[in-house]
Amino acid sequence: MSKDNVKDLITQMKAAVKSAQNTQASQTSPRPSAAPAARTPAAAPAGASSAAEGADSPAVLALINELMTGVETRFGIKPGSLVERKLVRILKDMPIAILRDWISSMNSCSSEHSEWQSLVENLTVHETYFCRDPDLMGMLADEILPGLIASRESHQQLQVWSAASSTGEEVYDLAYTCMRGLHKAGKARQYDGNKLAPDRGWSLYVLGTDISNQALRTAREAVYGDLGMGSFRNLPDTWKGMFEEVTIPPANAMAGVNYFKIREWVRQCTRFERFNLMNSRPPVQRMDLVFCRNVLIYFEDAVKRAVQIMLARSMSQGGVLVMGASVQMLAPEYFESRLGKGGPWYIRNGVPV
Ligand SMILES: C[S@@+](CC[C@H](N)C(=O)[O-])C[C@H]1O[C@@H](n2cnc3c(N)ncnc32)[C@H](O)[C@@H]1O
């Protein structure tokens with residue numbers, strides 16, 4: 001959770017409660033979409049304040065907890081104590097009745113509602129960069145792909161899913177590495193210098209999904225700046241062929257930053273969609289390779305297991321799942337474990353799920 005995210009969240013909460021207060025005061029105004037109005041004005045008289053109860057009164061803490069539980073149940077994200085403390089501080093002067101009604105109104109909204117969406121935009125961590133774990137990408141290229149490509153000879157396609165792809169770097173890493181893997185296996189050809197395309201008959205498809213619409217927008221634009229600790233902090237020289245310099249900078253360009261776009265031949269096998277990992281039905285099936293990294297660490301074990309079962313459901317037999325070294329496999333009945341130079345990886349067995 002970055003400082004900016006917390007600040008945004010607090011701004012959002014302030015605006016939402018203020019808007020609820022305004023609505024309550026006017027009573028005849030339409031309900032603002034940013035904050036559902038109090039549904040029981042009698043229980044929330046104008047000017048009612050929580051000040052008497054104090055910032056850390058059991059009532060305020062219970063409400064914040066209720067909000068955080070809603071976030072966790074709907075999106076798996078377990079917000080840290082820092083966010084809770086900030087919320088307590090900022091909500092201390094809010095009329096409790098209004099806050100209670102706003103939260104209870106949130107509880108009755110679907111997870112797809114724009115209010116939940118904007119809360120989630122603020123609570124999610126989008127940290128990612130190209131070639132984030134070189135050992136793991138090396139393991140993919142040297143240990144996983146040769147066998148996987150050979151085993152897909154009969155249907156000649158490689159279907160890949162990056163679940164929680166954030167701003168897209170992982171998706172383009174996967175597209176580039178898989179295309180090079182196909183080339184090495186004699187299933188892709190080189191054209192126009194260093195561009196690659198699958199051989200006739202073969203196809204490569206890489207899907208990126210995330211809960212954050214902002215992240216998905218950046219991913220689809222596929223333009224990245226060379227800020228110090230940005231997307232390129234770990235990029236090996238040999239991967240530079242994936243990019244072309246952008247001659248017209250993006251609208252929100254920062255001075256002194258150069259921008260690069262993923263080349264068309266890499267982009268054309270990728271696609272991005274919004275998907276909440278808490279869904280038990282995956283957005284795709286028969287995936288050959290699934291990456292789900294640096295997101296399950298924010299989830300409780302029971303949720304992790306449910307997500308891993310959903311991922312198993314998305315995969316074809318013999319498909320490979322990579323979650324990174326810090327995530328334990330909690331659905332072992334659906335996978336065989338392997339340990340490579342870049343950490344553990346899992347092969348989907350034939351057990352139906
Ligand atoms: C730290 S990024 C990881 C990006 C990339 N996988 C990597 O390893 O570099 C975590 C991403 O998970 C997404 N996320 C969090 N909860 C999610 C959920 N319930 N469903 C889908 N995506 C979620 C966030 O929006 C964020 O973009």
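Okay, let's start with a helix pair: M137, L140, A141, L145 and I149 in α6 meet D173, T177, C178, G181 and L182 in α7. Contact here means C-beta atoms, placed from the backbone, within 7 Å. Those contact residues split into 7 nonpolar, 2 polar and 1 charged. For the bookkeeping, Ala, Val, Leu, Ile, Met, Phe, Trp, Tyr, Cys and Pro are nonpolar, Asp, Glu, Lys and Arg charged, and the others, Gly among them, polar.

Before I go on, this is a predicted model: local features need pLDDT of at least 70, side-chain atom pairs count only at pLDDT 80 or more, and totals for chains, interfaces and linings use all residues. Residues are numbered from 1 along each chain as its sequence is written.

So how do α6 and α7 pack? Helix α6 (residues 134-151) and helix α7 (residues 169-184) have axes 10 Å apart, at an angle of about 50 degrees. Axes are lines fitted to C-alpha atoms over the stretch in contact, with angles from 0 to 180 degrees between N-to-C directions. Helices are DSSP runs (H or I, at least four residues), numbered from the N terminus.

Next pair. Helix α2 (residues 58-75) and helix α4 (residues 96-108) cross at roughly 20 degrees, their axes coming within 10 Å. That makes α2 roughly parallel to α4, a label for angles under 35 degrees. On the α2 side the contact includes A59, V60 and L63, and on the α4 side I96, L99 and R100 are among the residues. This contact divides into 8 nonpolar, 2 polar and 2 charged.

Last, the ligand. 23 residues surround the ligand, the closest being T124, T128, A164, S166 and N294; near means a C-beta atom, placed from the backbone, within 6 Å. The shell holds 9 nonpolar, 9 polar and 5 charged residues.

Notes
Helix = DSSP H or I, 4+ residues; strand = E, 2+ residues; numbered from the N terminus. Parallel < 35°, antiparallel > 145°, perpendicular 65-115°, else oblique. Contact = placed C-beta atoms within 7 Å.
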